[in-house]
Amino acid sequence: MDVVNCLQQHHIKPSLQRIAIMSYLMEHHTHPTVDEIYQALAQSIPTLSKTTVYNTLKLLSDHGAATTLTIDERNTCYDAVTQPHGHFLCKKCGRIYDMPSISDTTQVEESVMDGHTVQEIHHYYKGICKHCSSLMSQAQQEHS
Ligand SMILES: [Zn+2]
Ligand SMILES: [Zn+2]
């Protein structure tokens, strides 16, 4: 989807900085943090501040254009994919991977549960990712 369209659909006025931040999120499915986005965009947008990045991400997630992830308690991460899906955090490299959504829970997305209106569902998994575990087993083999 076009970035400007996407912002307008979520009733967000498409300013230059908002477009840049939203496109970064849509192009990088790595669940970036405020710092990562700021560092990536600061060169091309000299007027950009970290506060603007933070406020824009908050605006995007308040309007449902992005999701805020708190899987990593040290860093808040952002995701342009707003369809419900799980996340896996590798405790070793800190990378966040998308996990398939759990079919039972997609049914209740944005529905009413016990009288409450559900707007977001988060599934967080933590462990060691496949890349780190293969590196670890390689290292073990080299030492034995
Ligand atoms: Zn890892
Ligand atoms: Zn994700």
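I began with handedness, and α2 and α3 cross in the right-handed sense. A reminder to myself before going on: this is a predicted model.

**Entry 1, α2 against α3.** I looked up the geometry of this crossing next. The axes of α2 and α3 (residues 34-41) come within 11 Å, and they cross at roughly 115°. That angle makes the two helices, α2 and α3, roughly perpendicular. Then I listed who touches whom. From α2 I noted Ala20, Ile21 and Tyr24, which meet Ile37, Ala40 and Leu41 of α3. Sorting the contact of α2 with α3 by class gave me six nonpolar residues, with no polar and no charged ones.

Helix α2 spans residues 16-27 and helix α4 spans residues 50-62; I find them packed at an angle of about 75°, with axes 10 Å apart. Angles from 65 to 115 degrees count as roughly perpendicular, so α2 and α4 are roughly perpendicular to each other. On the α2 side I wrote down Gln17, Arg18, Ile21 and Met22, and on the α4 side Thr52, Val53, Thr56, Leu57 and Leu60. Here the class count came to five nonpolar, three polar and one charged residues.

I moved on to the strands. What lies between β3 and β4? I found a hairpin with five residues between the two strands, and Gly94 in its turn has a positive phi of about 80°. Strand β3 covers residues 86-90 and strand β4 covers residues 96-99; they pair in the antiparallel sense over four bridges. I picked out Phe88 to follow across, and its bridge partner in β4 is Tyr97.

**To keep in mind.** α2 is roughly perpendicular to α3, and α2 and α4 are roughly perpendicular too.

Note on methods:
Residues numbered from 1 in each chain as written. Chains lettered and ligands numbered in written order. Predicted model: local features only at pLDDT ≥ 70, side-chain atom pairs only at ≥ 80, totals over all residues. Axes fitted to C-alpha atoms, helices over the stretch in contact; angles between N-to-C directions. Parallel < 35°, antiparallel > 145°, perpendicular 65-115°, else oblique. Contact = placed C-beta atoms within 7 Å. Nonpolar A, V, L, I, M, F, W, Y, C, P; charged D, E, K, R; others polar. Pairing = 2+ DSSP bridges. Left-handed = near helix turned anticlockwise from the far one by under 90°.
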